[in-house]
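Me: I am new to reading protein models. Could we go through this one together, one question at a time?

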Amino acid sequence: QVQLVESGGGLVQPGGSLRLSCAASGFTLGYYRMSWYRQAPGKERELVALIASAGGSTNYADSVKGRFTISRDNAKNTVYLQMNSLKLEDTAVYYCNAVHRAVTGVDYWGQGTQVTVSS
């Protein structure tokens, strides 16, 4: 059974840090481009960061550049999002997404993990 399971969310004060994890099962992560998205209440889902299947290329939303770092461990079938210097506006549900690097239309989503930044 194909699954992406996010973890690591929670409540943190402004300026704090969290590390999100996305564990994949039922497929080989190394064939997929991985991304983190987020959706705040009343807003559309937005791309936060992505990393190529081999891990050599990354891209970030302007709002998180310099604060967030995406990484992957294909041997552990896991992707991470290190979030530092968190701001109130980072509050959202964070979702993990996997898109096959060669086969169109093959993509998976996790169930999301809540990140709340509040003083």
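Predicted model: local features only at pLDDT ≥ 70, side-chain atom pairs only at ≥ 80, totals over all residues.

Me: Is Y108 buried, partly exposed or exposed?

Reply: Residues are numbered from 1 along each chain as its sequence is written, and side-chain values use heavy atoms, with hydrogens and water left out. Buried means under 20% relative accessible area, exposed over 50%, and partly exposed in between (1.4 Å probe, protein chains only). Y108 has a relative accessible area of 24%, so Y108 is partly exposed.

Me: How many aromatic pairs are there?

Reply: Rings of Phe, Tyr and Trp (its six-membered ring) pair if their centres lie within 6.5 Å; planes under 30 degrees apart count as stacked, over 60 as edge-to-face and the rest as tilted. By this rule, the number of aromatic pairs is four.

Me: What kind of pair do F27 and Y32 form?

Reply: Both F27 and Y32 are buried. Their ring centres are 4.7 Å apart, with 65 degrees between the planes, and the pair is edge-to-face.

Me: And what kind of pair do Y32 and Y108 make?

Reply: Y32 is buried, at a relative accessible area of 6%. Ring pairs link F27, Y32 and Y108 into a cluster. The centres of Y32 and Y108 lie 5.8 Å apart and their planes are at 40 degrees, so this pair is tilted.

Me: How many residues apart in sequence are the parts that Y32 and Y108 tie together?

Reply: Strands are DSSP runs (E, at least two residues), numbered from the N terminus, as are helices (H or I, at least four). Y32 lies in strand β4 (residues 32-39) and Y108 in strand β10 (residues 107-109), so the pair ties together parts whose separation in sequence is 76 residues.

Me: Which ring has the charged end of R45 over it at 3.8 Å from its centre?

Reply: A charge sits over a ring if NZ of Lys or CZ of Arg is within 6 Å of the ring centre and within 35 degrees of the ring normal. R45 also lies over the face of W109, at 4.7 Å from the ring centre. The ring with the charged end of R45 at 3.8 Å from its centre is that of Y95.

Me: Which residues have the most contacts inside the largest nonpolar core?

Reply: A nonpolar core is a set of buried Ala, Val, Leu, Ile, Met, Phe, Trp, Tyr and Cys residues joined through side-chain atoms within 4.5 Å. The largest one has 30 residues, and those with the most contacts inside it are M34, W36, L81, M83 and Y94.

Me: Where does S85 lie, and what is its phi?

Reply: S85 lies in the loop between β8 and β9. With 41% relative accessibility, S85 counts as partly exposed. S85 is not a glycine, yet its phi is positive, at about 50 degrees.

Me: How far apart in space are S7 and A54?

Reply: S7 is in strand β1 (residues 3-7) and counts as partly exposed at 37% relative accessibility. S7 and A54 are 47 residues apart in sequence, and their C-alpha to C-alpha distance is 23 Å.
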